[in-house]
Amino acid sequence: MKRIGILTSGGDCPGLNAAIRSVAKASYEIFDCEIIGILDGFKGLIYENYKPLKTSNFSGILTRGGTILGSSRTPYKKMRVIEEDNIDKVKNMIKTYEKLKLDCVVILGGNGTHKNANLLRESGLNVVVLPKTIDNDICGTDVTFGFHSAIDIATSVIDRVHTTADSHDRVMIVELMGNKAGWLTLYSGIAGGADVILIPELPYKEEKIISALEKRRSKGKDFSIIVVAEGVISEYEKTLTKKELKEYRLKSKYSTVSYRLKAFIERETRYESRVTIPGYQQRGGTPSPYDRLLATSLGVHAAKMISNDVYGKTISIRNGVTVSTPLEEVAGKYKNISLDDELLDKAKLLGVSMGI
Ligand code: F6P
C-alpha cells in the first residue's frame, strides 16, 4: 500500500484536474494506494491542511477548469525565511509528510513550484512533478499543459478583435500573459494573423512598430493587430536599472505595456487605437482536448514512476516522448524562445514585425 499526497501550486491553468484525475485513476489501477489531497499548494503541507480522497473525488473532473485542490503562491525565496508567524515552513512540510506517512507527493506546478519541489527533494522527501503553466516556460519539456488551452483562448480573442479592427480602421493592441517568456504571444499571434508581435525575448524599438503600421497603411490596409506579451521591454528600457525602469514607467501614467503603446501610437500617428486585455480568461475554463490528453498522459506516467519508486524528477515531453528529468537540472531555469527559433524566422517571412 502506497500513500500518495497530491498538490497543485502557483497560478492555475486548464488541465490541472485532468492531471489529478489521471494520476489517481492510473495509481488505483496499477497498485494499492491511498491518495491524500494537500490543499492550497505548499500551504497545505506547511499548515497541515489536507483531505483524504476517494475514487468519487476524481469523477467528472476531466473537463473542469481550475483545481479541486486549490492553489496558492509560496515564493521559493521565502521558504527558508521565518516570518511573523514564527513558522519554519520547511520543517513543517517535512512534519506533515511524516505525520501522513506519505510515500511521495505529486506536485503540479510551474517554475516557482519546481524550485520548491526541488527543495523538498533536497530535504529528503519523495516528489514527482508535473509541468503546468500557460506560459510554457519550463526547462526540459517541449510543452506544458495549460499552454494549448491558453493559445486557443488568446487566438479566439485576436480573431474577434480582428473583425472589429477592420470595421473601424483601428490599431488593436491585445496584451497576453507572459512575463518572462513569449511563447503564448508568439503562437497565438501567428495563429491569429497579428501584424506586430512583441515578446519579452526581443526588446522592441518603438519606431519599428510605427514603421510597420505605416507600411500597412501605405498598402491600403487601414487596420492593424498588435499582440504583445505583458512582460516586454523596449530597447531603451533595457538600458535602465531596475529602479530607473520603475520610475520611468510610473512617469508614463500607464501600468501596462498595451496602454503605453496605445498612447505612443496615437501621439506619433494619430491612428485610432484600442486595447484588449483578456487577462485571467487565459487561465480559466475547460482544458482543450490537447491539454486533456497531455495532462492525462503525464498523470499516467507519474503513476508508473511511483509504482517503480522513481522520485526527485519532473516529467517532460521531448520530441513527442514522455521522459523524466532530474529536478536539479530544471529548478530555477526558464525556457525562453531562442533567438534562432524557426518560428521567429517564419514570422519574419510572413511580414510580421517583431518590433526590432
Ligand atoms: O501562470 C503564469 C501567469 O499566468 C503569468 O503569465 C502571469 O503573469 C501570472 O501568472 C499572474 O498570476 P497571478 O496574478 O495569479 O500571480
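1. Helix α1 (residues 16-30) lies across β1, β2, β3, β4 (104-109) and β5 (127-131) and runs at about 175° to β1. Contact means heavy atoms within 4.5 Å. Axes are lines fitted to C-alpha atoms, for helices over the stretch in contact, with angles from 0 to 180 degrees between N-to-C directions. Helices (H or I, at least four residues) and strands (E, at least two) are DSSP runs numbered from the N terminus.

2. The model is predicted: local features need pLDDT of at least 70, side-chain atom pairs count only at pLDDT 80 or more, and totals for chains, interfaces and linings use all residues. Residues are numbered from 1 along each chain as its sequence is written, and side-chain values use heavy atoms, with hydrogens and water left out.

3. An open sheet of 7 strands has the order β3-β2-β1-β4-β5-β10-β11, with mixed pairing; two strands pair if DSSP finds at least two bridges between them. Its edge strands, β3 (50-53) and β11 (321-326), each pair on one side only. Strand β2 (residues 33-38) pairs with β3 in the antiparallel sense over 4 bridges, and I38 stands opposite Y50 in β3.

4. K2 lies in strand β1 (residues 2-8). K2 counts as buried because its relative accessibility is 16%, the limit for buried being under 20% relative accessible area (1.4 Å probe, protein chains only). Not counting residues up to four places away in sequence, K2 touches several residues, including F31, D32, D103 and Y311.

5. Helices α7 (residues 183-191) and α14 (residues 342-349) pack at an angle of about 35°, their axes 11 Å apart. L186, Y187 and I190 of α7 meet L343, L344 and A347 of α14.

Notes. Buried < 20%, exposed > 50% of the residue type's maximum accessible area, 1.4 Å probe, protein only.
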